[in-house]
Amino acid sequence: MNYNESLAYLDSLGKFGIKLGMERIEALLAALDNPQAKFKSVHVTGTNGKGSVSSMITNILLASNLKVGKFISPHLVKYNERISINGSDITDDAFALALTAVKKAADDIVAKGVCEQPTQFEILTAAAFLHFALEKVDYAVIEVGMGGLWDSTNVITPVVSVITNVALDHCDRLGSTIERIAMQKAGIIKDNVPVVTAAEGDEALGPIRAVGMFKQAKVYIYGRAFWCEEKESTMDGQTFTLHAGDIYSSDYQIKLPGWHQAVNASLAIVAAKLVSKQDDRINELALHIGVANTVWPGRLERIAQKPDVILDGAHNPNGAEALRKALDKYYPNQKRVFVIGMMGDKDMQHVLHTIVRPMDLAYTVPADGGERAAKPEVLAQLIGANAAACSDVYEAYLKALDEAGEDGVVVICGSLYLVGTFKARLLAAKDGGN
């Protein structure tokens with residue numbers, strides 16, 4: 001297959017939806033000679049912060065002069081974003097090559113009756129693992145797609161496991177309580193492999209600790225084994241001090257705003273320090289350089305000023321609270337105008353009422369062209385009198401710019417799919433189309 005044929009193949013797999021379970025991915029990887037066993041890895045799950053933590057760990061390893069793969073989801077504009085090595089997305093040709101090999105293996109196991117058709121995410125996971133093995137990466141940082149226990153990435157035995165946090169999301173698949181979701185995320189814990197987490201509360205920490213104890217995996221908990229304190233914080237970045245008991249204290253600088261990113265950076269640093277216990281190529285300088293170099297699109301990403309324009313993929317209550325705290329911190333008195341699109345299966349009312357204050361203006365738009373996207377009219381009704389429904393995200397953006405004026409702030413948020421849709425429309429507008 002060429003690149004366009006690979007994309008068409010992936011699109012054709014969309015009809016199979018999301019199916020939790022390991023039999024398909026295990027059979028598929030076996031047919032590919034188990035590429036996931038040919039490189040070391042770090043496994044990252046959590047309700048929010050997976051992408052930021054994965055990027056920071058990746059950059060720490062890169063600062064150690066290692067060859068590092070990264071697998072994330074979803075992408076914002078192009079599938080290639082999901083698979084990268086040393087900070088560069090997989091090329092179209094390499095993507096097509098990997099997909100061709102994986103499709104052949106998938107067709108073979110289905111024809112032999114080994115299992116049913118692997119899902120789109122399973123195909124992408126296998127393609128990433130195959131690419132990393134062929135390129136002989138030293139490490140791959142692997143982000144869980146959903147949950148952990150039954151996620152198709154959960155075939156690896158990492159050097160360290162990271163559970164960023166546990167909050168309510170994907171309740172239809174992972175469970176309706178924090179405890180049940182925590183059990184799913186604790187599923188990535190492996191025998192004798194250390195775990196780093198910023199999960200809070202007995203409901204979340206109970207299952208993580210229990211699985212850690214059962215598997216003899218030491219659990220390092222943010223707020224207990226390590227913690228950070230803010231020194232300076234602006235939209236341009238922040239400085240914080242990371243403490244680990246009485247034995248470690250060091251100042252770090254990051255470009256990512258928001259207190260939650262200081263916590264994410266702390267997780268990444270501690271995870272990398274645990275990796276360094278097995279690999280002396282990872283040193284203290286690499287820890288500082290790696291997190292300092294990290295930028296992460298779609299999360300409190302400021303793309304313009306006068307007015308400030310911020311993109312944020314917050315789509316669940318936990319993410320909405322982080323966005324609201326950041327806006328209150330950095331823009332306490334500025335006029336806020338929102339462009340919001342969400343998926344209809346999210347906790348829309350909670351998210352919208354957390355982000356949008358009664359005095360704020362909001363334009364509601366479709367998050368993308370799919371059927372899952374909530375109708376703008378529904379979102380506007382949930383927000384109230386200061387909201388207006390729009391059919392196009394770019395038109396809503398232009399209206400928001402006018403409303404905000406030079407001193408205000410425009411926030412495009414509610415879904416990573418919306419952020420991707422907006423970026424594509426922005427690129428099209430810059431190229432001359434509107």
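Trainee: How do the axes of helix H14 and helix H15 cross?

Mentor: In this predicted model, the axes of H14 (residues 393-404) and H15 (residues 416-430) come within 9 Å and cross at roughly 80 degrees.

Trainee: What makes H14 and H15 roughly perpendicular to each other?

Mentor: Angles of 65 to 115 degrees count as roughly perpendicular. The crossing angle is roughly 80 degrees, and H14 and H15 are therefore roughly perpendicular to each other.

Trainee: Which residues meet between H14 and H15?

Mentor: From H14 come Val 393, Tyr 394 and Tyr 397, and from H15 come Leu 418, Thr 421, Phe 422, Arg 425, Leu 426 and Ala 429. By class, the contact has 7 nonpolar, 1 polar and 1 charged residues.

Trainee: Why is Lys 231 called exposed?

Mentor: Exposed means over 50% relative accessible area. Lys 231 has 53%, so Lys 231 is exposed. Its place is in strand S9 (residues 227-234).

Trainee: Which residues does Lys 231 touch, not counting residues up to four places away in sequence?

Mentor: Lys 231 touches Thr 239, Phe 240, Thr 241 and Asp 251.

Trainee: What is phi of Lys 136, and what is phi of Lys 306?

Mentor: Phi of Lys 136 is near 55 degrees, a positive value in a residue other than glycine. For Lys 306, phi is also near 55 degrees. Lys 136 is in the loop between helix H5 (120-134) and S5, whereas Lys 306 is in the loop between S12 and S13.

Trainee: Where are cis peptide bonds found?

Mentor: One joins Ser 73 and Pro 74, with omega about -10 degrees. Pro 74 is in the loop between S2 and strand S3 (83-85). Another runs from Lys 306 to Pro 307, with omega near 0 degrees.

Trainee: What is the strand order of the open sheet of 8 strands?

Mentor: The order is S4-S3-S2-S5-S1-S6-S7-S8, with mixed pairing.

Trainee: Why do strand S4 and strand S8 stand at the edges?

Mentor: S4 (88-89) and S8 (219-221) each have a single partner strand, so one side of each is left without a neighbour in the sheet.

Trainee: How do you know that S6 and S7 pair?

Mentor: Pairing needs at least two bridges. Strand S6 (residues 160-163) and strand S7 (residues 195-197) have 3 bridges, in the parallel sense, so they pair. Ser 161 stands opposite Val 195 in S7.

Trainee: Which strands does helix H9 touch?

Mentor: H9 (residues 259-276) packs on the sheet and touches S1, S5, S6, S7 and S8. The direction of H9 makes about 170 degrees with that of S7.

Trainee: Which residues have the most contacts inside the largest nonpolar core?

Mentor: This core has 42 residues, and those with the most contacts inside it are Ile 57, Leu 61, Val 196, Phe 226, Phe 240, Tyr 252 and Ile 269. Its largest share, 11 residues, comes from H9.

Technical notes:
Residues are numbered from 1 along each chain as its sequence is written. This is a predicted model: local features need pLDDT of at least 70, side-chain atom pairs count only at pLDDT 80 or more; totals for chains, interfaces and linings use all residues. Side-chain values use heavy atoms; hydrogens and water are left out. Helices (H or I, at least four residues) and strands (E, at least two) are DSSP runs, numbered from the N terminus. Contact means heavy atoms within 4.5 Å. Axes are lines fitted to C-alpha atoms, for helices over the stretch in contact, and angles run from 0 to 180 degrees between N-to-C directions. Angles under 35 degrees count as roughly parallel, over 145 as roughly antiparallel, 65 to 115 as roughly perpendicular and the rest as oblique. Ala, Val, Leu, Ile, Met, Phe, Trp, Tyr, Cys and Pro count as nonpolar, Asp, Glu, Lys and Arg as charged, and the others, Gly among them, as polar. A nonpolar core is a set of buried Ala, Val, Leu, Ile, Met, Phe, Trp, Tyr and Cys residues joined through side-chain atoms within 4.5 Å. Buried means under 20% relative accessible area, exposed over 50%, partly exposed in between (1.4 Å probe, protein chains only).
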